[in-house]
Amino acid sequence: MNDSIYTIIPPIVAILVAIWRKSAIQALVVGLVLTYFMSSNFAPLTSVSAMTTGVIDVATSTYNQRIIIFSLLIGAVLALVNASGGVAGFINALNKKHWVDNDRKAAMVPTLIGSSIFTDTNLSMFTAGLASQSIFDKYKLSRARLAFILDSTCSPISILLLINGWGAYILGLLDGYNLSDEVGVLISTIGYNFYPIIVICVVYYTALSGRVFGPLKAASSKVESKFEQNDTIGKARYLVIPMLGIIFITLGLLYYTGDGDLRRGSGSFSVLWAVVTSYLVLVLMLLLDKVFSIKHLLSHSLKGIKNLVPAVAVLVLSFAFGDAVKAFGTGTYVSGLMSSEVSMLWIAPLLFITAGIMAFATGTSWGTFAILFPIALPIALQTGIEPAFLLAAVLGGGVFGDHASPISDSTIVASIASGCDHIEHVKTQLPYCLVIAAISLLLYVVVGSFII
C-alpha cells in the first residue's frame with residue numbers, strides 16, 4: 001500500500017475533516033489514526049501500538065521538546081508582561097514623547113510595533129492594539145482599520161523574520177529530507193513568500209497614505225469590549241527588556257551554535273534558551289521591584305502556559321502526522337504523480353491554493369504546513385524545482401488562509417486587541433486578502449516560468 005495511490009487518502013481525509021469540522025486538532029487526529037491503520041493493513045493492535053510509539057517519539061525528541069517548552073513558556077512571558085502593567089507602561093511612555101500629532105502618524109504606531117515584535121504573534125497584536133486604541137479614536141480612525149493593521153503585521157512578519165517559534169517549527173518539518181542546508185532553505189523561502197511581502201507593503205501604504213479601499217473605507221467600527229488589562233501602569237521595561245532579550249539572545253545563540261554562521265545555528269536551542277533567559281530576567285525584575293510575590297508569579301505564569309496548551313497540542317499532532325505521512329510514502333507518490341501529470345509551472349500555484357483552503361477551514365496554518373510539507377519537499381527533490389520556491393508557496397498559502405479565516409486565532413485576537421467587532425473585521429479585511437492572494441498566484445506563475 002505504501003507509495004501507491006492509497007497513500008493520498010489520509011491527507012485528503014484530513015483536509016475534508018478540517019473543512020467540515022473547522023478544527024485542526026480533529027483533522028490531524030483523524031489523519032494520524034487513518035495513516036497508521038492503513039500502513040498496518042488495518043490491524044487494530046499493530047496500528048494502535050505503532051501510533052502510540054510515533055506520538056511518544058515526537059514528544060520525547062530533544063528537538064521537539066525544546067519547541068514545546070518554548071511555546072508554553074512564551075505564554076508565561078505574555079501573561080506576566082500584561083499582569084505587571086508592562087503594556088500600560090509602554091503605552092504611557094509612548095504618549096509622553098508626543099510623537100503622534102496626525103492621523104498618519106497614529107496609523108504608523110501599530111504598524112511599527114507590529115513589525116518590531118515578531119517573536120510571538122499574540123504579544124505583537126495585543127501590544128500594538130492596546131497602544132493604539134485611544135490614539136485611533138483621537139484621530140477618528142476606525143477600529144476596523146486598526147484590526148486590519150494588527151492582523152496584517154502579525155503572521156506576515158513572523159513568517160518572514162523567522163527568529164521565533166514559526167522558524168523553529170518549520171525547521172523541524174524540514175528534518176529528515178537530506179537537505180544539505182536546512183536553515184539556508186528556510187531563509188531562501190523569504191524571497192519567494194509573495195503573500196506576506198505584499199501584505200506588509202499594503203499595510204505600510206495604508207498607514208503612510210491614509211487611503212483604504214472597499215468595505216474598510218466605509219467601516220463604522222462598532223467598538224466591542226476592550227481587551228481586559230491591568231489598570232495599574234507598570235514600567236515599560238517589563239515589556240521592552242523581555243522582548244529585546246528574546247530577539248538578541250536568539251541571534252547571539254544562532255551565531256554561537258552556527259560557529260559564526262547564523263544560518264547554521266540551532267534554531268530550537270536558540271529560541272528556547274532565549275525565552276527561558278528572558279522569562280527569568282522578567283521574573284527577577286518583578287521580584288526586585290516587589291510587583292508580585294513568588295506565589296503570584298507562579299499563578300500568572302501557569303495561566304499563561306494554560307492558554308498555550310491547545311497550540312502545543314496542534315504542534316505535537318502536526319509533527320506526528322508529518323512523520324506518519326512521510327513514512328507512508330504519500331510525498332513520494334504525489335511527487336511522482338504531479339511531476340508526470342501536472343505541468344511543473346502549476347505545482348507552486350496549486351500548493352498555494354491548497355494551503356490557503358486548508359488554513360482557512362481550520363483557522364491555523366501550522367497543521368497545514370505539517371500536511372503539505374511532506375508532499376512539497378519530495379516533489380521538489382524529484383523534479384529539481386528549488387525546494388524554497390515550493391515551500392514558500394505552502395507557507396504563503398497557509399498565511400493567506402489564516403489571515404482570511406473568521407475562525408483563525410490571529411483574526412480573533414486582532415479583533416479583541418483593537419476593540420473592533422469581529423464580523424466587521426473579517427468583512428473589511430477579506431477583500432484585501434483575496435486580491436493579494438490573486439496577485440501572489442500570478443507571481444508564482446511568472447517567477448516559476450523563469451526558474452523552472
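Predicted model: local features only at pLDDT ≥ 70, side-chain atom pairs only at ≥ 80, totals over all residues.
A residue is termed buried when its relative accessible area is under 20%.

The model contains 9 aromatic pairs. One of them joins Tyr 192 to Phe 389, with ring centres 5.3 Å apart and planes at 85° to each other. The arrangement is edge-to-face, because the angle between the planes is over 60 degrees. Tyr 192 belongs to helix α10 (residues 182–192) and Phe 389 to helix α18 (residues 387–404), so this pair ties together parts of the chain that are 197 residues apart in sequence. A further pair is formed by Phe 194 and Tyr 444, whose ring centres are 4.7 Å apart and whose planes make an angle of 55°, a tilted arrangement. This pair also links distant parts of the chain, since Phe 194 lies in helix α11 (residues 194–209) and Tyr 444 in helix α20 (residues 422–451), 250 residues apart. Phe 194 and Tyr 444 are buried.

Helix packing was examined next. Two packed helices are described by the angle between their axes and by the distance between those axes. For α11 and α18, the axes are 7 Å apart and the packing angle is about 50°, which makes α11 oblique to α18. On the α11 side the contact is made by Tyr 195, Pro 196 and Val 199, and on the α18 side by Gly 396, Val 399, Phe 400 and His 403. Sorted by class, this contact comprises 5 nonpolar residues, 2 polar residues and no charged residues.

In α6 the contacting residues are Arg 104, Ala 107, Met 108, Thr 111, Leu 112 and Ser 115, and they meet Val 203, Tyr 204, Ala 207, Leu 208 and Ser 209 of α11. The contact of α6 with α11 divides into 7 nonpolar, 3 polar and 1 charged residue.

An unreviewed UniProt entry places the feature "transmembrane region" at residues 67–91, 148–174, 194–216, 236–256, 268–288, 308–325, 345–373 and 432–451. Two of these segments were compared with the model. Residues 236–256 are 95% helix and 0% strand, and the C-alpha atoms at the ends of the segment are 30 Å apart. Residues 432–451 are 100% helix and 0% strand, with end C-alpha atoms 28 Å apart.

Most residues other than glycine have a negative phi. Asp 259 has a positive phi of about 55° although it is not a glycine. This residue lies in the loop between α12 (237–257) and α13 (267–288), and Asp 259 is exposed, with a relative accessible area of 74%. Lys 290 likewise has a positive phi of about 55° without being a glycine. Lys 290 is found in the loop between α13 and α14 and is exposed, its relative accessible area being 74%.

Several residues separated along the chain were also examined in space. Asn 307, in helix α14 (residues 294–328), is exposed at a relative accessible area of 61%. The C-alpha atoms of Asn 307 and Gly 75 are 6.7 Å apart, although the two residues are 232 residues apart in sequence. Asn 178 is located in the loop between α9 (165–174) and α10, and with 80% relative accessibility Asn 178 counts as exposed. A separation of 9.7 Å lies between the C-alpha atoms of Asn 178 and Leu 381, which are 203 residues apart along the chain. Leu 350, in helix α16 (residues 347–362), counts as partly exposed at 37% relative accessibility. Leu 350 and Gly 397 are 47 residues apart in sequence, and their C-alpha atoms are 9.6 Å apart in space.

Methods:
Residues numbered from 1 in each chain as written. Heavy atoms only, no water. Phe/Tyr/Trp six-rings, centres within 6.5 Å; stacked < 30°, edge-to-face > 60°. Helix = DSSP H or I, 4+ residues; strand = E, 2+ residues; numbered from the N terminus. Buried < 20%, exposed > 50% of the residue type's maximum accessible area, 1.4 Å probe, protein only. UniProt positions renumbered as here; feature names shortened; annotations may be inferred. Axes fitted to C-alpha atoms, helices over the stretch in contact; angles between N-to-C directions. Parallel < 35°, antiparallel > 145°, perpendicular 65-115°, else oblique. Contact = heavy atoms within 4.5 Å. Nonpolar A, V, L, I, M, F, W, Y, C, P; charged D, E, K, R; others polar.
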